[in-house]
Structure formats: structure tokens, C-alpha cells
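Here is my note on this structure. The points cover charged pairs first, then a surface patch.

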Amino acid sequence: MIFSILAVLALIISICIKERKKSLFVQSLSCLLESIYDFVITAYTGAVLSLINFIRTFIFMNKNKINKIVYIIILFFFESIIIVNCMFTWNGSISLLPTIGSIIRTYCLWQSNMTLVRISGITTGLFYGSYYIYYQSWFMVLGELTLLLVGIYAVLKNDIMKQRKIRKEVYE
């Protein structure tokens, strides 16, 4: 239970951080903690995906140090691993939820745009929240719901309202 609490807290905090590299560092920590928790509750698709996501997020933190072509290859590599993991850990259609969530999140984190990082919190909340409902992990459902709400709030505050303010200043 402690791993789930720490994983959710780290993920929620990461969505609130405005600097991409710091946000991704906290998200990588969240992935590691979530992986441990998923292994404990025997949610193996999620556990392996969380380990993959830990490595992915850690690599994405260092985007500026990686050649652009190699960085594109890394995206396709991780997206492929996510799909292969789904096939190997298949437990019925429930395995699609964390897989789809991870595919979307990988693409969003691969980008440099913090708006997409925040949006990935929304998609993660939806897909992983549904996954944890299946496993009756109610704390993680609550955590993913919180992530969903915090993600929506962060997008509204940092992206939508900010754009409206900029447009208003431009037209005045």
C-alpha cells in the first residue's frame, strides 16, 4: 500500500511541476514505485509497463543530449515494447487499458511541450484508473481520479487560461 501512495503522490506532484526535466524525474520515480505495487497485486501488464515507463521517462529527461534521429528511434522502440508487453502479459481486454494509456503517455512525454505532459496526466488517469477498478485497487483508483482532476486543473490553469489571457492582451 505504501508504494501505491508514494506512486500516486509523485505522479500528481509531477503534473504540477512546470519545468519538463524536473517533472519527468518525479514521474520516473512514480513509475518505479507503481511497478513495485503492481507486482505485489499481480497486475503484471501494468507492472512491466511501469518498469518500461521508468526507463523511458528517465531517457526522455535527457532529450537534449540525444541525436534527433536516435530520439525518434527511441520513441518507436518504446512504443513497440509497450505493444509487445501487452501481447506477452495478455490477461484479456483489460490489458489494453494500461497499454493504450502508456502509448499515449510515451508520445506526450517524448515531446518537449509541457501541455502534452499535463494532458498525459489526464489520459493516464482515465486508462489506468479503469485498469485499477478491474483489480479492485481502490486507493489507486482514487489516486488516478485525483491525477485526472489535477491534470484537468493544470491544463485549464497553465494552458487554456494562459492562452486566453495572452489573446486578450493581444487584442486590447
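1. A search of the whole structure finds 2 salt bridges. The criterion is a side-chain nitrogen of Lys or Arg within 4 Å of a carboxyl oxygen of Asp or Glu. Bear in mind that this is a predicted model: local features need pLDDT of at least 70, side-chain atom pairs count only at pLDDT 80 or more, and totals for chains, interfaces and linings use all residues. Residues are numbered from 1 along each chain as its sequence is written, and side-chain values use heavy atoms, with hydrogens and water left out.

2. Arg-118 pairs with Asp-159, with 2.8 Å between the closest N and O atoms. The pair links distant parts of the chain, 41 residues apart: Arg-118 sits in helix 6 (residues 114-134) and Asp-159 in helix 7 (residues 138-171). Helices here are DSSP runs (H or I, at least four residues), numbered from the N terminus. Both partners, Arg-118 and Asp-159, are buried. Buried means under 20% relative accessible area, exposed over 50%, partly exposed in between (1.4 Å probe, protein chains only).

3. The other bridge joins the side chains of Glu-19 and Lys-22, at 3.6 Å from N to O. Glu-19 is partly exposed, with a relative accessible area of 43%.

4. Now the surface. A nonpolar patch of about 940 Å² includes Ile-2, Phe-3, Leu-32, Phe-39 and Leu-51. Patch residues have over 30% relative accessible area and no salt bridge; nonpolar side chains (Val, Leu, Ile, Met, Phe, Trp, Tyr) are joined within 5 Å, like charges within 9 Å. Areas come from the Shrake-Rupley method with a 1.4 Å probe; for residues, only the protein chains shown count as cover.

5. Helix 1 gives the most to this patch, with 5 residues. Leu-32 lies in helix 2. Leu-32 is partly exposed, at 31% relative accessible area.

Key
Helices (H or I, at least four residues) and strands (E, at least two) are DSSP runs, numbered from the N terminus.
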